[in-house]
Amino acid sequence: MACTISAEEIKRVKGLGFLNNKGTDLFNGRVITVNGKITAAQAKVIAEAAEKFGNGDVEFTTRLTVEVRGIHFDNIEPFREYIAREGLQTGGTGSVVRPVVSCKGTTCQYGLYDTFALSEKIHERFYLGYRTVKLPHKFKIATGGCPNNCVKPDLNDLGIVGQLVPNFDEDMCNGCKKCKIEKTCPMKAATVEDGVLEINKDVCNNCGRCIGQCPFDAIEEGTPGYKIYIGGRWGKKVAQGQPLSKIFTSEEEVLDVVEKAILLFREQGKTGERFADTIARIGFEEVEKQLLSNEILERKQEILDAKLHLAGGASC
């Protein structure tokens, strides 16, 4: 079957979340989830829509969206109307903020914060709230509950990792020859030296596994927080994200940094380059300086109103 749809129409519906099946008039319809969660009713309506308008197959993307295969061009609008009855919409393409990916930190035994709650706030504020804001390229965000990095936060344009910084009370340490903290630490950051526990902060990743493990209460509590990585990217040219030097202790701080990063990328990024390239060109120290100050937020409306990136660099 040869494709009879014009290039202009293919581009238009791609903006709605429909990706052409090469050489045909069929499309994959990308259904947005909020951090990978859907209700049973939403799962049911997706299944019904796949049978009614597609070829019956449903796929899951690496960004935790759902794609229904084999939707004919003529069925795109009926498909969208059908899934809308359960509050679902299509999208997730273009040079904009992409759907947020979250791990299961809310329920996982290792999760250090409510990843679903934070990712839902990011979804509302930046995926939906910034959906018309054109960027130099796609901008991906991931929220990870702990340093296990299951959703690869450091390989996203911006990644958030839960932290639990151990509060070590040296006066309570007995310098045990068989230190339970030393044995528990998966990073081998804790060692007993000269009869006192030492924690190498350059090695410790604040996973929180040591909290409450000492029988003499030397590490009874930890300070919860968030580490933010910027400039990650996977693909043909992989870039490892770099962490900001500060451990953030409030959700609002984190949300503000996310917004500042998006605004910086829009204002100072060149059309077609990823955030990693913008950081490499400007310099990590300069980018971090801007993200840790509020100056860029003072110019928020000016940046949003600027006629920039009218033709973005994302191809999918």
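Me: Which strands does α3 lie across, and at what angle does α3 run to β4?
Reply: α3 lies across β1, β2 and β4. It runs at about 140° to β4. Contact here means heavy atoms within 4.5 Å. Axes are lines fitted to C-alpha atoms, for helices over the stretch in contact, and angles run from 0 to 180 degrees between N-to-C directions. Helix α2 (residues 40–53) lies across β2, β3 and β4, at about 20° to β4.

Me: What stands behind these numbers?
Reply: The model is predicted, so local features need pLDDT of at least 70 and side-chain atom pairs count only at 80 or more, while totals for chains, interfaces and linings use all residues. Numbering starts from 1 along each chain as its sequence is written, and side-chain values use heavy atoms, with hydrogens and water left out.

Me: What makes β2 and β4 a pair?
Reply: Five bridges join them, and they run antiparallel. The rule asks that DSSP find at least two bridges between two strands. β2 and β4 therefore pair. Glycine 29 stands opposite valine 68 in β4. β1 and β2 are joined by three bridges, also antiparallel, with asparagine 20 opposite phenylalanine 27 in β2.

Me: Why do β1 (18–20) and β3 (58–60) count as edges?
Reply: The open sheet has four strands in the order β1-β2-β4-β3, paired antiparallel. β1 and β3 each have a single partner strand, so one side of each lacks a neighbour in the sheet. The twist averages 30° from one strand to the next. Strands themselves are DSSP runs of E, at least two residues; helices are runs of H or I, at least four; both are numbered from the N terminus.

Me: Why is phenylalanine 27 called buried?
Reply: Its relative accessibility is 0%. Buried means under 20% relative accessible area, exposed over 50%, partly exposed in between (1.4 Å probe, protein chains only). So phenylalanine 27 is buried. Its strand, β2, is mostly covered: five of its six residues are buried.

Me: What makes phenylalanine 27 and phenylalanine 73 a tilted pair?
Reply: Nine aromatic pairs are counted by the rule. In this one the centres are 6.1 Å apart and the planes 45°. Rings of Phe, Tyr and Trp (its six-membered ring) pair if their centres lie within 6.5 Å; planes under 30 degrees apart are stacked, over 60 edge-to-face, the rest tilted. Hence the label. The partners sit 46 residues apart, phenylalanine 27 in β2 and phenylalanine 73 in the loop between β4 and α3.

Me: How do you know that arginine 85 lies over the face of tyrosine 82?
Reply: It is 3.9 Å from the ring centre. The rule wants NZ of Lys or CZ of Arg within 6 Å of the ring centre and within 35 degrees of the ring normal. Tyr82 also belongs to an aromatic cluster with Phe18, Phe53 and Phe79.

Me: What makes asparagine 35 and asparagine 149 stand out in phi?
Reply: Most residues other than glycine have a negative phi. Asparagine 35 has a positive phi of about 55°; asparagine 149 has about 60°. Asparagine 35 sits between β2 and α2 and, at 1%, is buried. Asparagine 149 sits between β6 and β7 and, at 23%, is partly exposed.

Me: How do you know that the length of helix α6 (residues 251–268) fits?
Reply: The expected span is 1.5 Å times one less than the number of residues. For 18 residues that gives 26 Å; the end C-alpha atoms are 26 Å apart, so the two agree. Of those 18 residues, 13 are buried.
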